[in-house]
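Hi everyone, thanks for making time for this. I'd like to walk you through one model today, so let me put it on the screen.

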Amino acid sequence: MNNSVTSPNDTKIVNLALPKTPLVTIVIPTYNHGQFIGEAIESIFAQDYKNYEIVIIDDGSLDNTEEVVSNYEGIKYLKQKNQGLSASRNIGLQNSKGEYITFLDADDVLQPNAITTNVQHFTKNKNCAFVSGNHKRIAVDGREIAPPQISYISSNHYEAFLKGNYIGMHGTVMYNKKILLEEGGFNTNLAVCEDYDLYLRLSRKHKIFSHQQIIASYRQHDNNMSSNVSLMLKHALAVLKAQLPHVREKPELVKAYQNGVKGWKEYYTRQFIKEVKKKKNIWKPMKGSERLFLLKLMTLPYLTFKFKFISKKMIKPSLKKYLLVSRLAKYKKNFKPAVGKIKWGDLRRTIPISRLYGYDRGGPIDRYYIENFLSKHSHVIRGRVLEIGDNEYTIRFGKKNVVKSDVLHLHAENPKATFVGDLSNADHIPSEIFDCIVLTQTLHLIYDYKKALRTCYRILKPGGTILLTVPGIVQIEKGEWGKYWLWSFTNISMNLIFKETFPHSELEVEEYGNVLSATGLLQGIGVNEVTNQELDENDPLYQVVISVKATK
């Protein structure tokens, strides 16, 4: 095997021989990229590093992707119903065998030295969560578009990511699979910017290494998700906002965060201007809400200055109108349309937009509240932990603090079940053996829910904690669990129930939701279709989810 790589200036750099050649998995998620995926596969076959495997996750392609892949041997090919990019990458991660893993988009290609280069850097930086290099940009036909811009960060990677995504192309990244699994992989609630979210999460807690060598080519075409300015800006700012709790106490990180917000706004303002220059009608097809979002979030003085070159007739009236709407936005909460003047739009319907709780539109709204609650109290998910149904949340939020993970399930055929039975009839579970119980969205399915909670109290160790969520305003399940759906709860009812079933315990009961999130959940709207700011506003009259933290 050739253990040399080529630097951006074409000077040959001889590296030390690798002490071993660990298996590397290349995951290619794809959706309707049959015209490009062959080049992606061939770029892997051309690697000078030979100890690799290829896993392709076809996310429900409707083109000739499967036919193209069938021409190549030795590839693990998995096809599924469309679930989105993050879910596809996570499935690829779960089906990988490599010590290291790279995610290559189906329309991009690797340089012949890509795997060798990143493995060598991992060899010298063993405890890193990931290493990343640089890339060049190519056109649809493979021509190089412009000289590559080399980025390199030597330290303070988390601070650098707060300022912006210096990586730019996901295919240049190689992950330590073990750490990636421990951190829960990609956030499936994000339609885009899921890689940026992961970089922030990993760099905040782990060592990162960046190098200057070019190891991949990023293909530019009209179907790139990054060309959707409104979508990208919205998610970039949301991902950055999720880091606020971790930066508030550190002035240097607060400054980096502020620079990041400003940087993303200015970057996508420039991108928007470029798109307008290329096709003047970009503004016209946008919905009013999209226009308002862009105008509110972009750097308006810069935007207004740059609009000089655009037809006044096309932009100025809209700009004036939406700036006026923006000024009035703060009054929107208290605004009441006159009788008969309500604009129902998409909501004037007796059948919901989706009956799948939003799983088919980016994820359920109530999961946002549930997962934020578990994340907030993740420090108590430790020791021996019991979860109902499966142990996804135990592993995701407990991580290294979990010594033993148990699962209680109604059915013995469930392979994850370590205890079988009904929580309200569970005398076979020994007393005082668990440090934590994770009980999310289950209590409403149990007829004698008080007895179930007394069981939880009995099997918890002294000092052990139950983290519980129950539904308030929600659609009733139409499938398997519909026949068990018995109750809904409120903050007051949960306070009374726990004071009775968890005597002398430390008790925290909270409610989450507002009229918008309740409406969205009932309609089956996806969590990515509303903003975190809208979800975080709490109105106790519209309780979507109620959470309980009780320590015995």
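**A walk through the model**

Confidence comes before anything else, since this is a predicted model. The protein chain has a mean pLDDT of 84, and 84% of its residues reach 70 or more. Please be careful with two stretches, though. Over residues 1-19 the pLDDT stays under 50, and the model has 42 contacts beyond four places in sequence for them. Residues 299-331 also stay under 50, with 41 contacts of that kind.

What is the strand order in the open sheet of eight strands? Reading across, the order is 5-4-3-6-9-8-10-7, and the pairing is mixed. At the edges you'll find strand 5 (75-79) and strand 7 (109-110); each has a single partner strand, so one side of each has no neighbour in the sheet.

Is strand 4 largely enclosed or left open by the rest of the structure? Seven of its seven residues are buried, so strand 4 is largely enclosed.

Strand 3 (residues 24-30) runs parallel to strand 4, and seven bridges join them; Thr-25, for instance, stands opposite Glu-53. Together with helix 1 (residues 34-45), strands 3 and 4 form a right-handed β-α-β unit. Strand 4 also pairs with strand 5, again in the parallel sense, over five bridges. There, Val-55 has Lys-76 as its bridge partner.

Further along the sheet, strand 8 (residues 128-138) and strand 9 (residues 173-176) pair in the antiparallel sense over three bridges. Phe-130 stands opposite Tyr-175 in strand 9, and I'd like you to remember that pair. Which residues touch the most other members of the largest nonpolar core? Phe-130 and Tyr-175 do, out of the 44 residues in that core. Helix 8 (residues 229-241) gives the most to this core, with seven residues. Setting aside residues up to four places away in sequence, Phe-130 touches a whole list of residues, including Phe-122, Phe-161, Ile-167, Tyr-199, Leu-202 and Phe-209. Lys-207 is also among them.

Asn-90 counts as buried because its relative accessible area is 11%, and the cut-off for buried is under 20%. A polar atom of its side chain lies 2.9 Å from the backbone nitrogen of Phe-186. Beyond its neighbours within four places in sequence, Asn-90 is in contact with Gly-185, Phe-186 and Thr-188.

Last stop, later in the chain. Strand 11 (residues 383-388) pairs with strand 12 (residues 402-409) in the parallel sense over six bridges, with Leu-386 opposite Asp-406. Strand 11, helix 15 (residues 392-398) and strand 12 give us another β-α-β unit, a right-handed one. Strand 11 has a parallel pairing with strand 14 (residues 434-440) as well, over three bridges, where Glu-387 has Val-438 as its bridge partner.

That's my tour, and I'm happy to go back to any view you'd like.

Definitions and conventions. Residues are numbered from 1 along each chain as its sequence is written. This is a predicted model: local features need pLDDT of at least 70, side-chain atom pairs count only at pLDDT 80 or more; totals for chains, interfaces and linings use all residues. Side-chain values use heavy atoms; hydrogens and water are left out. Two strands pair if DSSP finds at least two bridges between them. Helices (H or I, at least four residues) and strands (E, at least two) are DSSP runs, numbered from the N terminus. A crossover is right-handed if, with the strands pointing away from the viewer, the path from the first strand over the helix to the second runs clockwise. pLDDT is the predictor's confidence in each residue, from 0 to 100. Contact means heavy atoms within 4.5 Å. Buried means under 20% relative accessible area, exposed over 50%, partly exposed in between (1.4 Å probe, protein chains only). A polar contact is a pair of N or O atoms within 3.5 Å; within protein, one must be able to donate a hydrogen and the other to accept it, and residues adjacent in sequence count only if both atoms are side-chain atoms. A nonpolar core is a set of buried Ala, Val, Leu, Ile, Met, Phe, Trp, Tyr and Cys residues joined through side-chain atoms within 4.5 Å.
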